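Hi,

Here is the structure I promised to pass on to you. Have a look at it first, then read my notes below.

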Amino acid sequence: MTQEDLFKNLIAHAKEYGFIFPSSEIYDGLGAVYDYGQLGVELKNNIKRYWWDAMVRLHDNIVGIDSAIFMHPRIWEASGHVGAFNDPLIDNKDSKKRYRADVLLEEYVAKIEEKIEKEVEKGRKKFGEAFDEVQFRATNPNVLRNAQKAEEVRARMAAALNANDLADMRQLIIDCEIACPVSGSRNWTEVRQFNLMFSTQMGSVSEEANVIYLRPETAQGIFVNFLNVQKTGRMKIPFGIAQIGKAFRNEIVARQFIFRMREFEQMEMQFFVRPGEEMKWYEYWKEARLRWHKSLGLGDAKYRFHNHEKLAHYANAAADIEFEFPFGFKELEGIHSRTDFDLRRHQQFSGKRLQFFDPETNESYVPYVVETSIGLDRTILAVLSAAYAEEKLESGEERVVMRIPAVLAPIKLAVLPLVKKDGLPEKAREIMNELKFDFNCQYDEKDSIGKRYRRQDAIGTPYCITIDHQSLEDNCVTIRERDSMQQERVPIATLRTIVDDLVSWRKWLSKIQ
Ligand code: GAP
């Protein structure tokens, strides 16, 4: 099965089992907006906790806040978002479809790279065991010609983006003979900058109302509270402020399920440091964040760093942690060295001093900031796509299993009476009523035990226990593990320890340190 088919199946599965629904579905949906269902919200809350505990609880110099989504409109002028938070857009005059100019060019380069890979595969088949891939890539004329072409397009696009040369972006699209995927024509408009912020009005009468923006990042709520937190929390540099919350962007190319949404959630941390020490902390946080990702056990090879060539208006260094989604390696988290840009600009625009008096150096300064910014929805997509598997069992049966890391699994334990009579449901309820204070448990008595196991596999429940007639006599149950499907008979009194050993926050979080 291709990755594309697997991804389609995953999207259908996420809906069928109550993880993620298209928003406003009964009205045919709303583009790039999604709702989390009964299991999706549990998974989401667990990821939030895994991040929050790793950042806030385990660092005594990081605290959290929850700032409002609505903020003073001047904030977005100060931060540069009103002037510079743009995407370069181009329209096809025949289909009237709108595209991101940089995405059209990136897709063009990706197609050239696909040709290179096909050429390499041809070589591999032709030369068999004797195939030397490095030499082939360095000498094959088709590979070399295409690699040079890809590099030229990439370099020209980066130069045009950096210089904000929209005319050259358009010329590059024309020079590459890129056609509209819908109309097939090359009848393009000029490239224009399009601001990604949503705006609305605050106030009762529209003439009097102020235009305000839905925040495109949670970070600014942290910057404008820098002094409040520093003073009331008696924080000393270096220290961090963390926040989880909604962000909104009017994305034009919004697709790939919950990868690129118009309403999404970020988990951000701004780490305030002494000027001149930012690169040390930038490297520190790159490694610390990668460790956090890897601790989830989705596969170390699925992560890589991508250093930015084109820097955002506020950064002097930036890297992405990319994850191998079913559609390739893509950004999951950004680590940015944001200099003193934001605090300095807010100082200038608000007229309020945003400085720290450093008792060690006897100096006041505007701190520098290293930011870690991870998309919550993208993390959910990373977990789901790595977890989803369609398996053929030795018995010939098939199962869909979600190998969700146990600490994040929405339901930790399914409680299943073998039959719906003879006192077994009552015994099962008794166990469930005891364990539900420790773990999210689910009770299920419908259908055969085999079907019930499949249902729990499909939602990623690490353990199922079955209560049978003997349980009434010996106070033991059969416990079944999701991944190995191994079953064991254990005393009811040991259940809490067994499940806790697999799902305990302490055990998982201690891997990060
Ligand atoms: N405060 C810095 C900032 O917002 P960003 O790289 O634009 O930086 C950070 O966004 C993270 O937010 C990304 O790595 C991604 O995981 C997530 N993100 C950004 N745009 C998104 C979108 N439209 N849909 C879902 N997640 C998004």
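**Around the ligand**

The ligand has 21 residues around it, and those that come nearest are Glu217, Met261, Glu268, Glu331 and Glu371. A residue counts as near if one of its heavy atoms lies within 4 Å. Before you go on, keep in mind that this is a predicted model: local features need pLDDT of at least 70, side-chain atom pairs count only at pLDDT 80 or more, and totals for chains, interfaces and linings use all residues. Residues are numbered from 1 along each chain as its sequence is written, and side-chain values use heavy atoms, with hydrogens and water left out.

Which strand gives the largest share of that shell? Strand 13 does, with 6 residues. Strand 10 (263–273), strand 13 (328–339) and strand 16 (368–375) each supply at least two; strands are DSSP runs of E, at least two residues long, and helices are runs of H or I, at least four, both numbered from the N terminus. Sorted by class, the shell holds 10 charged, 6 nonpolar and 5 polar residues. Here Asp, Glu, Lys and Arg are charged, Ala, Val, Leu, Ile, Met, Phe, Trp, Tyr, Cys and Pro are nonpolar, and the others, Gly among them, are polar.

Now for some atom distances. An N or O atom in the Glu331 side chain is 2.5 Å from a ligand oxygen, and a backbone N or O atom of Leu332 is 2.9 Å from an oxygen of the ligand. The protein buries 93% of the 550 Å² that the ligand exposes when taken alone (areas by the Shrake-Rupley method with a 1.4 Å probe).

**Salt bridges**

Side chains of opposite charge can pair when their charged atoms come close. With a salt bridge taken as a side-chain nitrogen of Lys or Arg within 4 Å of a carboxyl oxygen of Asp or Glu, the count is 48.

Last, Arg98 and Asp91 meet at 3.1 Å, N to O. Is Asp91 buried or exposed? At 15% relative accessibility, Asp91 is buried (under 20%; exposed is over 50%, partly exposed in between, with a 1.4 Å probe and protein chains only). Arg98, at 38%, is partly exposed.

Cheers

Technical notes. Polar contact = N/O pair within 3.5 Å; in protein donor to acceptor, adjacent residues only side chain to side chain.
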